[in-house]
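Trainee: Could we go through this structure together, one question at a time?

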Amino acid sequence: ILEGNLNAEKRNFAAAKEYFQFALKIGQQLNDFNLQILANYSLGKLFHDNGFAEAARSFYESGISLVEDVSRPLFEESEVQISYFSSRRQLYDSYAELMLEQKKYEEAFLIIDKSRSRNTIQNLLNLKLSALSTDNKSTEMLYELDWMINSGIYSKLETDSLRQAFA
């Protein structure tokens, strides 16, 4: 990522793209979601800054999709959620900026709203679940199983087994 950033600053598009794509590939091989999110953001910004709006949009959407897929089951503490999403804010903001530049105001609004409402929705779901359950241990187990199934770090065989336990 750092090499990509240096090349992007020097306006060396091809080299920056290569480094960011390599980082994305490594992130996928290692199942490192944070690296994948950062690489998608970096590729989106690179393409955006160089006038390739559709490619930028694709990378921004991929990064946001990862943020939402990975984060959904991870956090039940609102402080952790706020910290997590604030670190991903640039991705949402850059994507919204691209939509504004293209005069796609409604899409820009939805992206901004999505970035802010994500934490609120998760908190509401957590409150609802807590209100429905008086057994904290079962609730914690439910969160743990949900995270394990949706985290992407377990094999299909393991997640299928967990789904059966979760059902």
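**Pocket and helix packing**

Trainee: How do the residues of the lining of the largest pocket divide by class?

Mentor: This is a predicted model, in which local features need pLDDT of at least 70 and side-chain atom pairs pLDDT 80 or more, while totals for chains, interfaces and linings use all residues. Residues are numbered from 1 along each chain as its sequence is written, and side-chain values use heavy atoms, without hydrogens and water. With Ala, Val, Leu, Ile, Met, Phe, Trp, Tyr, Cys and Pro as nonpolar, Asp, Glu, Lys and Arg as charged and the others, Gly among them, as polar, the lining divides into six nonpolar, three polar and four charged.

Trainee: Which helix supplies the largest share of the lining of the largest pocket?

Mentor: The helices α1 (2–9) and α3 each supply at least two residues of this lining, helices being DSSP runs (H or I, at least four residues) numbered from the N terminus. The largest share, six residues, comes from α3.

Trainee: At what angle do the axes of α1 and α2 cross?

Mentor: In the contact, Glu-3, Gly-4, Asn-5, Asn-7 and Ala-8 of α1 meet Ala-15, Ala-16, Tyr-19 and Phe-20 of α2, where contact means heavy atoms within 4.5 Å. The axes come within 8 Å of each other and cross at roughly 160°.

Trainee: How are α2 and α3 oriented to each other, roughly parallel or roughly antiparallel?

Mentor: Helix α2 (residues 13–30) and α3 pack at an angle of about 160°, with their axes 8 Å apart. Their contact includes Phe-13, Phe-20 and Leu-24 of α2 together with Leu-35, Leu-43 and Phe-47 of α3, and by class the contact has 11 nonpolar, six polar and one charged residues. Since angles under 35 degrees count as roughly parallel and those over 145 as roughly antiparallel, α2 and α3 are therefore roughly antiparallel.

Trainee: How far apart are the axes of α3 and α6?

Mentor: The contact is formed by α3 (residues 33–49) and α6 (residues 89–101), which pack at an angle of about 25°, and the two helices are therefore roughly parallel to each other. On the α3 side the contact is made by Ile-37, Tyr-41 and His-48, and on the α6 side the residues include Leu-91, Ser-94 and Leu-98. The residues of this contact divide into four nonpolar, three polar and two charged. With axes taken as lines fitted to C-alpha atoms over the stretch in contact, and angles running from 0 to 180 degrees between N-to-C directions, the distance between the two axes is 10 Å.

How values were computed. Parallel < 35°, antiparallel > 145°, perpendicular 65-115°, else oblique.
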